[in-house]
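Subject: Structure handover

Hello,

Here is the structure we talked about. Please open it and read the notes below alongside it.

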Amino acid sequence: MAPNSVVITLERPENVSLIEANDSRGGLIFQEKQKAASPKQFTWVLLLKAHRVVACIPWLAMSLCTIFGSIKKRIASSDSREEEPTYRGKKMYKFIKAFLAISVVALIIEIIAYFKKWDLSLVHNPWEVQNLVQWSYMAWLSLRVDYIAPLIMTLSKSCIVLFMIQSLDRLVQCLGCFWIKYKKLKPVIEGEPYDIEDGSSYPMVLVQIPMCNEREVYEQSIAAVCQLNWPKDRLLVQVLDDSDDELLQNLIRDEVLSWKEKGVNIIYRHRFIRTGYKAGNLKSAMACDYVKDYEFVAIFDADFQPNPDFLKLSIPHFKNNPEIGLVQTRWSFVNKDENLLTRLQNINLCFHFEVEQQVNGVFLNFFGFNGTAGVWRIKALEDSGGWLERTTVEDMDIAVRAHLKGWKFIYLNDVRVLCELPESYEAYKKQQHRWHSGPMQLFRLCLPDIITSKISVWKKANLIFLFFLLRKLILPFYSFTLFCIILPLTMFIPEAELPAWLGSAYEWVVTKKTGRASESDLLSLAEREQKTLNEEKIQRRLSESGLEMLGKLKEENEKVPIVKKKNRIYKPELALAFLLLTAATRSLLSAHGIHFYYLLFQGLSFLVVGLDLIGEQVS
């Protein structure tokens, strides 16, 4: 036996897959015992995989047929009439179309290069390239490495920094909300409540209902406000109608008269010159001589339906708190489960009220006025300069100016007012455009006043950097830029790598309402005296103007045909959907699994929106 050899005894050699031995030079020799699979087992594995693939084919085919059938049906039944897009909208649409065309061409070249297995990164001499396609591909590689990738990397890093800042802000707000829940913090009414037997102890309250062509909801909003539980001699309701439809004006005026006959102190106001939109309407109403007799003003948009105890839950918070200028309540939605769009809006707005408004109200005593379902101290409005017509976000404007004057705000998360959410994507787009275009215009107007105001440096920083820049500008900018532009670009520019953890308006438009009633509304209406139709209400007065209005109403009903509502096709959303799906296809070639799934579902989401499927009712 050799001096360097070792004798190894194996008791059960069939279970050993590794044998260790010393060679003559003292080294280790590792030999792996590999078990060879039998042909029968290999055949069964292949058959099992083939069975799974074949079983998926009918499901995929059926799904594709369903999707394309739905798309074809939607395009055929869509409304061909398109609203004239704005100049900025046209530029964005052209940019997306150009981006999509370039992406499709790049994808085709990438697919050819992938299946041809081209590796042109080591080619330094262009004359070595075999054909024009390879030369184009090589030029594309050089262009994206030298010029495009550095730019994309810079933009992505900037957006990531903004993403981190915004995420930190959200985290702080969520922690503040948890702390409020844990400590059970909420506004408390100071002092004794108002004497029920002595009506004169109640303050004078003015209730305003601004509306403009709100045919579907004017009746239920007026009814809800007129049933507020407050001494009749201490309450005045102003119906501020800016409708340009003469027939609708007469209907609203008739509704006001019917409530006035029941003893409600209510006034109908109509402006002949409709300037300033909602801000101009409120400003005109506050200029009335009798307003000086009132201490507080509650504002409700035409689709809002306050509960009878609204004033008794909100007004007492002003008592013994002379520095309080605004009490804001929460919105509750009667149609939150109507379709997918309303469900998503409900989630977004619940976060806004539950977290943003509540945290800012408890810790800062300042937040943006929501424009409705709130009560203002009239002295605070006057001290802040009143309603101004310089922007479409007059609610945010007056809130900022009141904050600069030192007034404090209270948010009541437990007091809710029923309202409606936009059920169609078209109405939702108009509402969001107004909400997001106005703040930047307001920021330019308010910045000098913020800098020169007497509030603390911390409050100035909060207004400028958090309230305006971060939440009104940065959030919309970085989210669209990062997730809808930069991320698809990185699929075609693999040299511009994203971090692994990340990969893993100046016109007022009234939001369309449907006039849905809640369960409480139905109970309330059941208690009321049963109303007749509009024609019968007009006939009841038996006046010459009433008969004339009845004739106009009948003529109007005969002229207006019943048109079946059609869904629309939104071309910018569809173009962006195809762009994202193109980028998702490109990500498959790079084996970016997380990127692929994100871009796929993001593209499908825009496809659903572009085909106007998101606003359909869900059975």
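A crossing is left-handed if the near helix is turned anticlockwise from the far one by less than a right angle, and right-handed if clockwise. Helices (H or I, at least four residues) and strands (E, at least two) are DSSP runs, numbered from the N terminus.

This is a predicted model: local features need pLDDT of at least 70, side-chain atom pairs count only at pLDDT 80 or more, and totals for chains, interfaces and linings use all residues. Residues are numbered from 1 along each chain as its sequence is written, and side-chain values use heavy atoms, without hydrogens and water.

**H11 and H12**

H11 spans residues 425–452 and H12 spans residues 457–492. Their crossing is left-handed. Their axes (lines fitted to C-alpha atoms over the stretch in contact) come within 11 Å and cross at roughly 160° (angles run from 0 to 180 degrees between N-to-C directions). H11 and H12 are therefore roughly antiparallel (over 145 degrees). Contact means heavy atoms within 4.5 Å. Among the contact residues are Phe443 of H11 and Phe468 of H12.

**H10 and H12**

Helix H10 covers residues 394–404. H10 packs on H12 at about 160°, with the axes 11 Å apart. H10 and H12 are therefore roughly antiparallel too. This crossing is right-handed. Contact residues include Val400 of H10 and Phe467 of H12.

Which way does H10 pass H12, left-handed or right-handed? Right-handed, as you can check on screen.

Best wishes

Conventions. Angles under 35 degrees count as roughly parallel, over 145 as roughly antiparallel, 65 to 115 as roughly perpendicular and the rest as oblique.
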